[in-house]
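Student: Could you go through this model with me? I would like to ask about it piece by piece.

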Amino acid sequence: MTLLVPQSEGIPLPRPSGLSKVFWDACEEGRLVYQRCVRCETAVFNPSPVCPMCLSQELAWHDSAGRGAIYSWSVAYRPMSSSFTAPYAPIIVDLDEGYQMVSNLIDCAVDDVAIGLRVRVDFREVGKMTLPYFRPDEP
Amino acid sequence: MTHPYHDVAIAAVFNTKQAKVLEGYDSYTITVEAALGVLDAAGMPPAQLDGILGQFNTELAYLLRVGPAWVPAGGFGSIPQILDAANAIAAGNCTAVLIAGGGAGIYTERTATAPWTRMASEFVLPFGIYTALEFALIARRHMHMYGTTPEQMAEVAATIRNNGHVNPEAIYYGKGPFTAADVLESRMVADPFHLLDCSLTGEGGCALLLTRADIARDLRQTPVYILGGGADHNGPSYQHPPSWDLRGNGPGAVENGYVGQRAAQQSFTMAGLAPSDVDVAELYDPFSFEIIRQLEAFGFCARGEGGDYVTSGAIRPDGELPITTDGGLMSFSHGGGSVQLLQRVIRAVQQLQGVCATTQIAGAEVAIASNGGAGALFNDVMLLGSHRP
């Protein structure tokens, strides 16, 4: 039974810039944030200068509860590069607030990964950054 | 109404030698060899060119002293660039356009995935996502919705790899034959994809020459005609979640899981043909599942029925729709960001010219070729024919 774990220092890390700095700074504080259009209320992620639905440029940052369900998943047995340790599980998460993001699932047995699995965000320090991983949510 | 490409022909196509590693070449020199190769195969001197697209196009214009000519910066070659060339000829801006491509000396760091598949976006990069995983995330949705199985995907991989196994020009010539069981027994790379569900990486060059139809008639290769084409793109590859349900806001927009459907419908409408008219399908095969998805998106079978379609034997060389007859990206070659895209069209042309040394589909008159896939958020389509439209 292989347990999925976070990666270690040495993997390529984000370089926050412009719009994304708000997101990564919040991760540092243990908050998962996203934008919501003030006009049409669409949840927007990745950080964007404009609402893709109504084109409003008025987007407000909100805290996400960090809870959602796995929309799709894979398990990588061959890593992207030698700085990653396999296996790891890339997932697309459907956040309850109505947006999707890419992450890795941790603290879960490889055999238990499934579409629809309830997950919650779990911030882990990797090198100089705090990354938003996800782990199975307790019932 | 006259067909928009009535006066356009693909006059000649050419592949250089393909290999796992082409000693002594880099991407530039193998592209030059491909360019010279197609001109020689056609019997056309470079001075007759008045347009160049594809990789190193500005360099080729200078090197071969082609200018002044239609040589837009950009340096990429795929189905949309072939259609650009056809458009330029149809509009009278050009009479003879070269499109070349090549990859060599790029993938040298073997502890990592190929460089053209590594991510740029900060929202995917730290999570170790690369191409096989992007396409796996798409395949997983189809498995969830329709019950598509690894066994069905393995059937696709075995079929394409067997086409390459018998093709002396394929990098993996003689490596088979393969059964679906062989694919399932190969090591897991990116669940649900086993090693043999994935394309290879290799090196090689290729080129196409498009001219006015009346010029093509007097050249050495048999002209082939463009019956239709379309390009479906949803955004930059490998930077955003490869979501099956990503959808544009326009009326009639199709979810990313069926990207390519619009391009195929445009192509068939332009051609005045239906999927049942296609004799051979040179489908882009980065991963086995992508064939199942494209068969549904292009209308060769209904949504959700791609898995059963491929296990029916339809896609084998003796089936109703033989696919990827040179071995494709899985066995023939996969030279980088551009060359293998052009090679799907090149193989379709060779099928219609009737010159394939292996897996020639007898009497083929209509071929479809494709590029890309849902994991990369794009899918381009071209219909080709042996008769002038």
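Tutor: What follows is a walk through this predicted model, taken topic by topic.

Student: Let's start with chain B, then. How many helices and strands does it have?

Tutor: Chain B has twelve helices and ten strands, and its C-alpha trace spans about 55 × 50 × 45 Å along the principal axes.

Student: What about the largest nonpolar core: which residues have the most contacts inside it?

Tutor: That core has 164 residues, and those with the most contacts inside it are B:Val38, B:Val97, B:Leu208, B:Leu209, B:Leu210 and B:Leu384. Helix H12 of chain B, residues 339-353, supplies the largest share of this core, with eight residues.

Student: And what is B:Val38 in contact with, leaving aside its neighbours within four places in sequence?

Tutor: With those neighbours left aside, B:Val38 is in contact with B:Ala12, B:Val13 and B:Phe14, with B:Leu98, and with B:Ala207, B:Leu208 and B:Leu209.

Student: Switching to the helices, how many residues of H9 in chain B are buried?

Tutor: Ten of the ten residues of that helix, 288-297, are buried, so H9 of chain B is largely enclosed by the rest of the structure. The buried residues include B:Phe289, B:Ile291, B:Ile292 and B:Leu295, and also B:Glu290, B:Arg293 and B:Glu296.

Student: Which elements do those buried residues pack against?

Tutor: In chain B, the buried residues of H9 pack against helices H4 (131-146), H5 (150-165), H8 (261-271) and H10 (306-311), as well as strands S9 (366-373) and S10 (378-385). After H9 of chain B comes B:Gly299, which has a positive phi near 90°.

Student: H5 came up there; how many of its residues are buried?

Tutor: In H5 of chain B, 14 of the 16 residues are buried, so this helix too is largely enclosed by the rest of the structure. At 1.5 Å a residue, its 16 residues should span 22 Å, and the end C-alpha atoms are 22 Å apart, which agrees.

Student: New topic: how many residues of chain B are in contact with chain A?

Tutor: There are 28 residues of chain B in contact with 30 residues of chain A. On the side of chain B that touches chain A, the largest share, six residues, comes from H4 of chain B, and the residues of that side divide into 15 nonpolar, seven polar and six charged.

Student: Where are the cis peptide bonds at B:Pro177 and B:Pro192?

Tutor: The bond from B:Gly176 to B:Pro177 is cis, with omega near 0°, and B:Pro177 lies in the loop between H5 and helix H6 (180-185) of chain B. The cis bond joining B:Asp191 and B:Pro192 has an omega of about 15°, and B:Pro192 is in the loop between S4 and strand S5 (193-194) of chain B.

Student: Last one: B:Thr324 has a positive phi, so is this residue buried or exposed?

Tutor: B:Thr324 is buried, with 29 other C-beta atoms within 10 Å. Its phi is near 45°, and B:Thr324 sits in the loop between H10 and helix H11 (328-331) of chain B.

Notes:
Residues are numbered from 1 along each chain as its sequence is written. Chains are lettered from A and ligands numbered from 1 in the order in which they are written. This is a predicted model: local features need pLDDT of at least 70, side-chain atom pairs count only at pLDDT 80 or more; totals for chains, interfaces and linings use all residues. A nonpolar core is a set of buried Ala, Val, Leu, Ile, Met, Phe, Trp, Tyr and Cys residues joined through C-beta atoms within 7 Å. A residue is buried if 20 or more other C-beta atoms lie within 10 Å of its own, exposed if 12 or fewer, and partly exposed in between; C-beta atoms are placed from the backbone. Helices (H or I, at least four residues) and strands (E, at least two) are DSSP runs, numbered from the N terminus. Two residues are in contact if their C-beta atoms, placed from the backbone, lie within 7 Å. The expected span of a helix is 1.5 Å times one less than its number of residues. Ala, Val, Leu, Ile, Met, Phe, Trp, Tyr, Cys and Pro count as nonpolar, Asp, Glu, Lys and Arg as charged, and the others, Gly among them, as polar.
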